[in-house]
Amino acid sequence: MEATGMIDETPVPQKSRKLWQYLASISACLLVVGVGTALAWTSPVLPKLYLPDSFMVLTKEEGSWVGSLLALGAIAGAFPSGNLADKHGRKKTLLMLSAPFLASWGIIILTSEVWLLYAARFLVGIGVGAGCVVGPTYISEISEVSTRGTLGALFQLFLTVGIFAAFILGSVLNYTAFAVVCAAIIGLFLGTFYWMPESPVWLVGQKQKQDATAALKVLRGEAYDPKEELNEMQKEAEQSAGKKPSIFDMLRSPVSRKAMLASFGMMFFQQASGVNAVIFYTVMIFEASGSSMAPEVASIVVAFVQLVMSGVAALIVDRAGRKPLLMISTGVMSASLVALGYYFQKKDSGSDVSTLGWLPLTSLIVFMIAFSIGLGPVPWMLMGELFPSETKAVASSIAVMLNWFMVFLVTKTFPAMNDELGTDMTFWIFAAIMAGATAFTHFLIPETKGKTYQQIYNVLRGTTRPVKPVP
């Protein structure tokens, strides 16, 4: 019997108990693939709609609205999503978010009117913004501490899968077929995620302990004893019972202020890097650069590199830590943006850049590699790690609203910045912001790798003593 007990504790069940955490996270992230296709849809489609023989001819001003209205929709969608997830559950809310995605793609397939295209982009933005709040919350709540970083990085990985798919599909499919495939991705999400468990953290908060036990049995495996983990969830639920602090309540707490500064700061820097302007306008950037590689091919190469490196980030984030990856990421991004600005300065001044045709593609590849290993995935992880359950809904909604406000601001002003300041100065401004992000990370971002919320709270509080969070 002794030997049998030892056999039962071999690594096999330990490995298998993580399987459903991965399956549930991957299924949830199929919606994030839909987010990526919605984000990158403009890059291959807008240049075609600018052509005079297009079935729907857009001006550059109309195109900038098509590119940026998604971000305004995302702000609107992020605002109520935390409360919806608290009321209806993480799983049901994510399933409901398929509606604005499917409605948007349906409009895009059927319309030939610019104003309906605007409505479709705003509508899909609602789903995008809400998905960016509820998705990371669901993943963080179903994950163990040992898998939280890797599973959290899946959000950014699947986002890049969607972006890469959009660049490929947009180059080989016509306008209608492209939208049909994008809608089919959302259908795949619905067909798989329906069978996944609800967040046990939310279930405990709803006093559905039996359902939470069943969910943990699925997520951790039948051999796992969930009592200790359920007790921890129960304690946190009891501490936060009836407490729905507002943003003003959080501002009065020194620990919450530090958490908000770190989370909101990295959301700001993620988009102030100009990454979504690069994704939205990749083809046009390469057309302007006169690079030796075809713009459509170059954009696919950049997206593929981002995809591969997001996969690498998922593998290393629980080993390397959040803070070192952020500092390396922002520092290298700053350097690559300086190089990209240098190329456009030479080109715009009339200098011979025939020997520098490799530089735009190389700079953007380095930029995407650096973004994908740090500034891409880590802010989403911090959003799920720095806040307790009673403040997570409010904090996550505000963080995502800030993120998408910055997406709107950057993508809407990027063409005007290029025209008024020059492409070189535009990229140098982004480079200076990234240098500031490196310093911000060094001084103000706590390391959360391998820490429970209690340990993270102690770091934010400036103590290592095992104290309980103050409500």
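This is a predicted model: local features need pLDDT of at least 70, side-chain atom pairs count only at pLDDT 80 or more; totals for chains, interfaces and linings use all residues.
Residues are numbered from 1 along each chain as its sequence is written, and side-chain values use heavy atoms, with hydrogens and water left out.

Let me begin with the cavities, a cavity being a set of points, on a 1 Å grid over the protein atoms alone, where a 1.4 Å probe fits but cannot get out, with lining residues having an atom within 4 Å of a point. Of the 18 residues lining the largest cavity, Leu-39, Leu-159, Gln-270, Gln-271 and Asn-276 are the closest to its centre. Helices here are DSSP runs of H or I with at least four residues, numbered from the N terminus, and H9 gives the most to this lining, with four residues. By class, the lining of the largest cavity has 12 nonpolar, six polar and no charged residues, where Ala, Val, Leu, Ile, Met, Phe, Trp, Tyr, Cys and Pro count as nonpolar, Asp, Glu, Lys and Arg as charged, and the others, Gly among them, as polar.

The second largest cavity has a volume of about 80 Å³, and its lining includes Arg-148, Phe-155, Trp-380 and Glu-385. Here the largest share, four residues, comes from H21, and the lining divides into five nonpolar, three polar and two charged residues.

Turning to the helix pairs, the axes of H15 and H24 (residues 453–461) come within 9 Å and cross at roughly 100°, axes being lines fitted to C-alpha atoms, for helices over the stretch in contact, with angles from 0 to 180 degrees between N-to-C directions. H15 and H24 are therefore roughly perpendicular, a term for angles of 65 to 115 degrees, whereas those over 145 count as roughly antiparallel. In contact terms (heavy atoms within 4.5 Å), Val-255, Lys-258 and Ala-259 in H15 meet Tyr-457, Leu-460 and Arg-461 in H24.

Finally, the axes of H5 (residues 60–88) and H22 come within 8 Å and cross at roughly 180°, which makes H5 roughly antiparallel to H22.

Note on methods:
On a 1 Å grid over the protein atoms alone, a cavity is a set of points where a 1.4 Å probe fits but cannot get out, and a pocket is an open set with protein on both sides within 12 Å along at least five of seven lines; lining residues have an atom within 4 Å of a point. Helices (H or I, at least four residues) and strands (E, at least two) are DSSP runs, numbered from the N terminus. Grid points are joined across faces, edges and corners, and a volume is the space filled by probe spheres set on the points. Angles under 35 degrees count as roughly parallel, over 145 as roughly antiparallel, 65 to 115 as roughly perpendicular and the rest as oblique.
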